Amino acid sequence: MNAPIDYLLHLADNALILGQRNAEWCGHGPILEEDIALSNNSLDLIGQARMLYQRAAELQGGQATEDTLAYFRDVPDFKNYTLCELPHMPLMSATAQGDRDFAITIVRNFLYSSLMVLVWDQLQTSKDTQLAAIAAKSLKEVRYHLRHSRDWLVRMGDGTEASYAEAQAALDQLLPYCQEFWSTSPHEQAAQANGTGIDMAALQSDWNQIVDEALKEATLKRPADGGFVPTGKQGIHSEHLGFVLAEMQSLARAHPEATW
């Protein structure tokens, strides 16, 4: 049984775009250990994306490769969560030059990893055996990502007055974007129907438990749900994805026939 190509692209795009965002910390980490940790996190995510793109390219046939799927699709073709593409800074200052906000990076990694530890666990039983194998490998990596981000979340939330304020502000900004996790897209419906995907809504209770337990330990307050529900996984993105892709794809597009 083969997973729908768009479902594989959704999973791959999430990993690639968040991996690209985390790679922006390379050489800029607040301490040397975190410079290395976030670089390793980025490499894990891009490795997951590669495996998923390879599977999608195999099913798509023709001239598709992992590179064409990563570097030669445009903004409307990408199916990642809007959460993954947001910059590492408060959105009101995102168009200006500004310092990266470590709290935003940590909170985003925590919210995303809390989801993916559940997704990859469930996908180990996917009827697409290659996707199931990718899930088994990715689960080991995302468990570390969750532990790393959760530890920092608690340290910041239950730390100084300043670190608490930074963590709470990041949570207030990012948590509303997680509503997109539970809205259903056509490719998710198709994957669930043929047994290669999962019922995302069924994960919401477990995700809430992971998040709420961590927030309680971190003494952070969960903002209320509601408001705009992003539609990134349906190809309708924020203005920020275009800037990510422009930087990421520029070399491949400038030299499309090059071999490395």
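Analyst: From the N terminus on, the elements run α-α-α-α-α-α-α-α-α-α. That comes to ten helices and zero strands. Helices here are DSSP runs of H or I with at least four residues, strands are runs of E with at least two, and both are numbered from the N terminus. This is a predicted model: local features need pLDDT of at least 70, side-chain atom pairs count only at pLDDT 80 or more, and totals for chains, interfaces and linings use all residues. Residues are numbered from 1 along each chain as its sequence is written, and side-chain values use heavy atoms, with hydrogens and water left out.

User: How do I read the overall size, and what radius of gyration does the chain have?

Analyst: The radius of gyration is taken over C-alpha atoms, and the globule rule is 2.2 Å times the number of residues to the power 0.38. With 260 residues, a compact globule would come out near 18 Å; the chain has 18 Å, so the two agree. Along the principal axes, the C-alpha atoms fill a box of roughly 55 × 40 × 35 Å.

User: How is burial read, and what share of the residues counts as buried?

Analyst: Buried means under 20% relative accessible area, exposed means over 50%, and partly exposed lies in between (1.4 Å probe, protein chains only). Of the 260 residues, 53% count as buried.

User: Which residue caps the N-terminal end of α5?

Analyst: Asp101 does. One of its side-chain oxygens lies 2.9 Å from the backbone nitrogen of Ala103.

User: How do I read aromatic pairs, and how many are there?

Analyst: Rings of Phe, Tyr and Trp (its six-membered ring) pair if their centres lie within 6.5 Å. Planes under 30 degrees apart count as stacked, over 60 as edge-to-face, and the rest as tilted. The structure holds six such pairs. One of them joins Phe181 and Trp182, edge-to-face, at 5.7 Å centre to centre with 90° between the planes. Phe181 is buried at 0% relative accessible area, and Trp182 is buried at 16%.

Trp182 also pairs with Trp207, edge-to-face, at 5.5 Å and 65°. That pair links distant parts of the chain, 25 residues apart. Trp182 is in the loop between α7 (161–174) and α8 (186–193), while Trp207 is in helix α9 (residues 204–218). Trp207 is buried too, at 1%.

User: Which residues form one aromatic cluster?

Analyst: Tyr81, Phe181, Trp182 and Trp207.

User: What does it take for a charge to sit over a ring?

Analyst: NZ of Lys or CZ of Arg must be within 6 Å of the ring centre and within 35 degrees of the ring normal. The charged end of Arg73 sits over Phe78, 4.2 Å from the ring centre. Arg155 lies over the face of Trp152, at 4.3 Å.

User: Where is Arg73, and is it buried or exposed?

Analyst: Arg73 is in the loop between α3 (66–71) and α4 (82–85). It counts as buried, at 9% relative accessibility. Its side chain also makes a polar contact with the side chain of Tyr53, at 3.4 Å. A polar contact is a pair of N or O atoms within 3.5 Å; within protein, one must be able to donate a hydrogen and the other to accept it, and residues adjacent in sequence count only if both atoms are side-chain atoms.

User: How many disulfides are there?

Analyst: A disulfide is a covalent bond between the sulfur atoms of two cysteines. The test is a pair of cysteine sulfur atoms within 2.5 Å. The structure holds zero. Cys84 is in no disulfide. Cys84 is buried at 1%, and Cys178 is buried at 1%.

User: What stands out about the backbone of Thr219?

Analyst: Thr219 has a positive phi of about 60° although it is not a glycine. It lies in the loop between α9 and α10 (240–254), and it is partly exposed at 40%.
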